[in-house]
Amino acid sequence: MNSLKIKQVYIYLLITLMMCNANAFGQEKQDKQPTIILYDQVLNNKKTYVDLIMNEGTAAYLPEGLSIRKTGDLVRLHRFYALAERKVRYYVKFSEDAKALFQSDKGDFKVYIDVPNKRIGMQVNFVKERKIEFLDPEHEYLVEIIRQYNTSKAKIIDLYTGEELEIQATNDSTGGYGVGTVNQGISVGRQYDYYCFGLSEGTELLVKQITVLAADCNLTVLIYGDSITEPEGYYPENLYEQSWVQLIKKNIKGKVISSGRGGTTIHELLERIKNELPYIKSKYVMVTIGTNGENTEKNLSELIEYILSQGSIPILNNIPCNEHNSQIEVNAVIEKIRQKYGIKGCRFDLVTSLNHDGKKVDTTTMWHEDWGTNGTYFHHPNVKGSRLMYLRTLVDIPEIYE
C-alpha cells in the first residue's frame, strides 16, 4: 500500500472515530462533560426504543424511521422536561396528504403542519398560521418546537433547499385571578410535560430522528421549582422582566436557566432534574419547592444528595409565605435539611411576611387570586414580592453573583 492510500485510510478511520464520539455525546458521555443535547435518537427497526410510548398499531419501526399511519393517536417521548429554554427537533418526511401534529402531552400547546394546504400553525387559545410556500412532500424537513421562557416558536427547515419559516407567540398572563386580574391575558401554553407527535390526517408521518436540546450548558445557576419558579404562568408580558426569576437571571454574570413547573412536588422535580442536570451541568442548583406538599426529610435528602452527586452545589430556599401559612411547617423541614448537609438557602418567607418573620403573608407582595368557591389565594409573588425576593438573594446567597 502506497503512502497516499495509507493517509486516506488513516483519515477515514479518524473521521469514523469522530462520528462515533459525536453520536455518543449526550448519551454515554453525559456524566463526564456538559452538553446541550438532552436526548438524541435516530429511529429505525434495529432496536427497541423504551422512551417512545404509543398505543398498539399507532406506528411501526421501519429501516428508514418510525412510520405513523394511524390518525388520531400520539407517540410520546417519555422524558419529563421543564427547562424554560429548550427545543425539540424532529427529522421528518410527510406524505402529500399529511397533517402532522406536534404537541405537549397536556395539550396546552400544539403545532400542526398541513401539507396539502401548505400551512404551519399554532393551536393555543387562538390559532396562528403561516403559509409554507416551499413545502414539498418529496423533500425531508427539520421541525423545531422551541420554548424561550414565555415565548414559544415553531420552525420548519427544508433539508434540500435550506429554506426555513418560523412562527411564534408570547404568553401574556393575567397576574392575579378574579378580582385580582390585572390583564386579560393570552395563553400560549408552556409545553407540558412530555413531547408528543402524531398524524391527525393523511397517509403517513415518517419520523427519522428526535433530538432534545437545551439552550446552553455549563451553567452558573440552574433554578428549579414549581409555579412560583414559573412566572410564565402568571406574569403579564409587560411585567415579565420584573419577575424574580428574571431579575436573578439578568444580574448573574454567568449563564442561568430556570426549570419551573406549576402544580408539581418534589417527586416531579426529581424526575425532571435527572433528565436535565446531568447533561447541561451547573455550578449551583437553586431549588424552591414545597408549596404543593411532599417535602419530607427523606425526599429532600434524596434531592440534595442527587444534586451533590452531579458535582453541583445545592441551594435550598425557603418557600414564600401564603394565605394558609403552610410555609411555616415546610420551611422548618427545609432548615433541618440545610443544617444536615451544611448548605445555604434564601429566606423568601421573610420578605413576603407582614412582620418580616416568615409567618403571616404580606398580601401586598403577592398576586391576588380570587377563585370564587375555591377560595382566595396569595401564592405567587407580584412585582413588589419579586423585587424583595431578588434583593434577599443578595443577602443570603451572594456567591451566585460572583
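On a 1 Å grid over the protein atoms alone, a pocket is an open set of points with protein on both sides within 12 Å along at least five of seven lines, while a cavity is a set where a 1.4 Å probe fits but cannot get out; lining residues have an atom within 4 Å of a point. Volumes are the space filled by probe spheres set on the points, with points joined across faces, edges and corners. The model is a predicted one, with local features needing pLDDT of at least 70 and side-chain atom pairs counted only at pLDDT 80 or more, whereas totals for chains, interfaces and linings use all residues. Residues are numbered from 1 along each chain as its sequence is written, and side-chain values use heavy atoms, leaving out hydrogens and water.

The largest pocket holds about 340 Å³ and has 18 lining residues, of which Gly233, Tyr234, Glu369, Trp371 and His380 sit nearest its centre. By class, that largest-pocket lining splits into three nonpolar, 12 polar and three charged residues (Ala, Val, Leu, Ile, Met, Phe, Trp, Tyr, Cys and Pro count as nonpolar, Asp, Glu, Lys and Arg as charged, and the others, Gly among them, as polar).

There is one cavity of 30 Å³ or more, and the space in the largest cavity comes to about 50 Å³.

As for salt bridges (a side-chain nitrogen of Lys or Arg within 4 Å of a carboxyl oxygen of Asp or Glu), the count is 21. One of them pairs lysine 106 with aspartate 193, at 2.9 Å from N to O. Lysine 106 is in the loop between E7 and strand E8 (110–114), and aspartate 193 in the loop between strand E13 (164–170) and E14, so this pair ties together parts 87 residues apart in sequence. Aspartate 193 is buried at 7% relative accessibility, while lysine 106 is partly exposed at 47% (buried is under 20% relative accessible area, exposed over 50%, partly exposed in between, with a 1.4 Å probe and protein chains only).

Technical notes
Helix = DSSP H or I, 4+ residues; strand = E, 2+ residues; numbered from the N terminus.
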